[in-house]
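Me: I'm new to this one and would like to learn how to read an interface between domains. Could you walk me through it?

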Amino acid sequence: MAFKVTLVSTSPIDGQKPGTSGLRKKVKVFKQPNYLENFVQATFNALTPEKVKGATLVVSGDGRYYSKDAVQMISKYAPVTYLVNVKGFVQVSLAKYAPVTYLIIIKMAAANGVRRVWVGKNTLMSTPAVSAVIRERSGADGSKATGAFILTASHNPGGPTEVRSVSVDFGIKYNMENGGPAPESITDKIYENTKTIKEYPIAEDLPNVDISAVGVTSFEGPEGKFDVEVFDSADDYVKLMKSIFDFESIRKLLSSPQFTFCYDALHGVAGAYAHRIFVEELGAQESALLNCVPKEDFGGGHPDPNLTYAKELVARMGLSKSDTGGEPPEFGAAADGDADRNMILGKRFFVTPSDSVAIIAANAIEAIPYFSSGLKGVARSMPTSAALDVVAKSLNLKFFEVPTGWKFFGNLMDAGMCSVCGEESFGTGSDHIREKDGIWAVLAWMSILAHKNKDSIDGDTKLVTVEDIVRQHWATYGRHYYTRYDYENVDAGKAKELMEHLVKLQSSIPEVNKIVKGIRSDVANVSSADEFEYKDPVDGSISKHQGIRYLFEDGSRLVFRLSGTGSEGATIRLYIEQYEKDASKIGRESQEALSPLVEIALKLSKMEEFTGRSAPTVIT
């Protein structure tokens with residue numbers, strides 16, 4: 001089948017600056033004519049020729065809603081003449097509309113001289129699976145992917161319209177040949193290109209491809225052959241997970257009548273992998289899977305795996321205020337929209353992401369075959385608690401504190417300096433790929449549980465629980481009491497004023513301590529304060545203004561940071577941490593232990609005065 005290339009005139013559209021997680025905007029913004037096309041072409045233009053001409057690209061995502069209006073807008077390029085029947089996929093509108101977005105990128109890839117495009121079956125592929133495919137998959141002819149367009153807005157809501165004033169988002173990002181997000185050198189070029197773009201090529205007569213069927217469809221264009229290969233990404237991802245973990249030991253744990261398990265995909269793309277891994281490979285019961293049918297609007301929920309939004313799982317695990325009436329499972333976990341984030345729960349017990357990565361690192365060598373020869377190093381994002389630091393010091397591991405953004409971990413991993421890393425925002429991962437990986441984190445915890453219980457699974461001895469593991473970790477390394485307050489959709493101007501106020505205060509530590517002692521006399525003095533700055537040990541690049549820190553003499557911290565992961569307004573994140581190594585004091589409730597620092601943080605920052613908010617949107 002032959003196709004021709006057409007040049008389409010366009011003009012720049014304001015506000016197409018990608019952040020650390022790509023370009024995320026409200027659905028209605030992406031509905032603008034040429035909005036998607038401009039960004040895709042700006043990305044092609046930012047890449048070196050060998051990464052485009054004759055290259056292999058991956059195009060897939062989390063299956064979130066694009067919009068019916070967008071289909072009508074671009075129908076001249078991709079008329080909707082088919083329906084995709086996805087097993088278990090109940091949202092007909094996804095099949096009818098969302099694939100058009102992928103077809104636009106495929107048609108533009110063909111016009112730009114790309115040799116082949118790999119697409120996940122039914123266009124579904126988790127972000128960690130995309131990274132794995134780039135790094136691990138080889139085509140029948142030995143071809144390897146040089147990058148990927150990932151269509152996701154991660155943990156943000158999706159759907160055709162806002163519900164209860166909650167923004168519904170769409171997003172796109174580009175990952176490089178190492179499987180990780182594009183570095184700033186590329187995203188800066190993309191943004192500059194969006195400001196000057198005048199035209200883009202597209203193979204407008206390229207026939208539609210049936211993305212519900214595995215196979216290769218070949219075309220002929222002005223620059224030669226062009227293939228679209230549809231494949232089941234679960235095959236590649238499962239193979240990778242089985243090379244990392246001892247599935248037999250996990251299967252044995254799951255077979256124990258003492259061990260019960262629940263996994264909540266929050267109707268995100270993780271559901272496309274959950275049945276294959278947990279049920280088919282590991283022998284879990286079907287009933288262990290919760291909300292594992294992917295939906296374009298995530299079932300009307302917010303696909304962010306935390307105690308606020310994963311309501312059904314939280315209730316089932318015995319952590320909600322209302323009693324569900326049954327005995328909670330021993331182990332529970334949740335994923336976000338694109339399956340790169342995770343939440344770990346025990347029976348009536350929440351594991352903070354900061355503790356989770358520290359516990360994985362502390363047990364990795366013994367419990368996970370992939371790490372049996374040792375860890376190269378560990379790393380955390382700056383706002384994440386220092387629990388990992390203590391483990392690194394105890395085990396004599398290289399340790400790195402980096403800005404928020406997975407690309408910083410990727411640099412360390414590419415240089416062979418880091419094996420395990422994590423962020424407080426429910427992101428955990430290792431050097432098997434260059435993205436955080438939610439299912440990997442769940443399997444890591446299952447591996448630790450299996451290892452701790454290897455001598456008691458077959459007997460009547462009580463199993464070691466998630467809570468047991470965490471409390472033993474605290475007894476060994478000390479406890480980092482930790483919480484995060486999120487103030488979402490704050491007026492951007494007011495948020496900036498608050499941050500400027502905090503920076504100004506740092507000019508006089510004595511004055512800060514005077515304010516602190518006037519609020520609470522029972523806390524330690526502030527020893528230093530700064531704006532976090534990071535010099536990358538690999539490439540020497542410097543990242544400034546990465547968060548405002550107030551460091552106390554007893555190891556406590558207050559961190560303030562503006563987040564750019566939403567599509568509108570600003571999100572102020574406040575991180576509060578207190579280290580306690582006295583074994584007699586590690587059993588307190590977090591909010592109780594942190595209440596003095598919370599009071600100081602809110603009053604020192606004048607949070608309510610600047611934001612008009614008397615309470616945060618989310619407390620983690």
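Me: How many residue pairs are in polar contact across the interface of domain 2 and domain 3?

Reply: A polar contact is a pair of N or O atoms within 3.5 Å; within protein, one must be able to donate a hydrogen and the other to accept it, and residues adjacent in sequence count only if both atoms are side-chain atoms. Here the rule finds eight such residue pairs across the interface of domain 2 and domain 3, both residues at pLDDT 80 or more. This is a predicted model, where local features need pLDDT of at least 70, side-chain atom pairs count only at pLDDT 80 or more, and totals for chains, interfaces and linings use all residues. Residues are numbered from 1 along each chain as its sequence is written, and side-chain values use heavy atoms, leaving out hydrogens and water.

Me: Where do domain 2 and domain 3 lie in the chain?

Reply: Domain bounds come from an automatic or database domain assignment. Domain 2 spans 241-461 and domain 3 spans 479-619.

Me: How is the size of an interface given?

Reply: Often as the accessible area lost when the parts come together. Buried area is that loss (1.4 Å probe), summed over both parts. Domain 2 and domain 3 bury about 2000 Å² between them, 57% of it on carbon and sulfur atoms. In terms of contact (heavy atoms within 4.5 Å), 24 residues of domain 2 meet 23 residues of domain 3.

Me: Which residue forms a salt bridge with Arg484?

Reply: A salt bridge is a side-chain nitrogen of Lys or Arg within 4 Å of a carboxyl oxygen of Asp or Glu. Glu424 is the partner of Arg484, with their closest N and O atoms 2.7 Å apart. Across the interface of domain 2 and domain 3, three salt bridges are found.

How values were computed
Buried area is the accessible area (1.4 Å probe) that two parts lose on being put together, summed over both.
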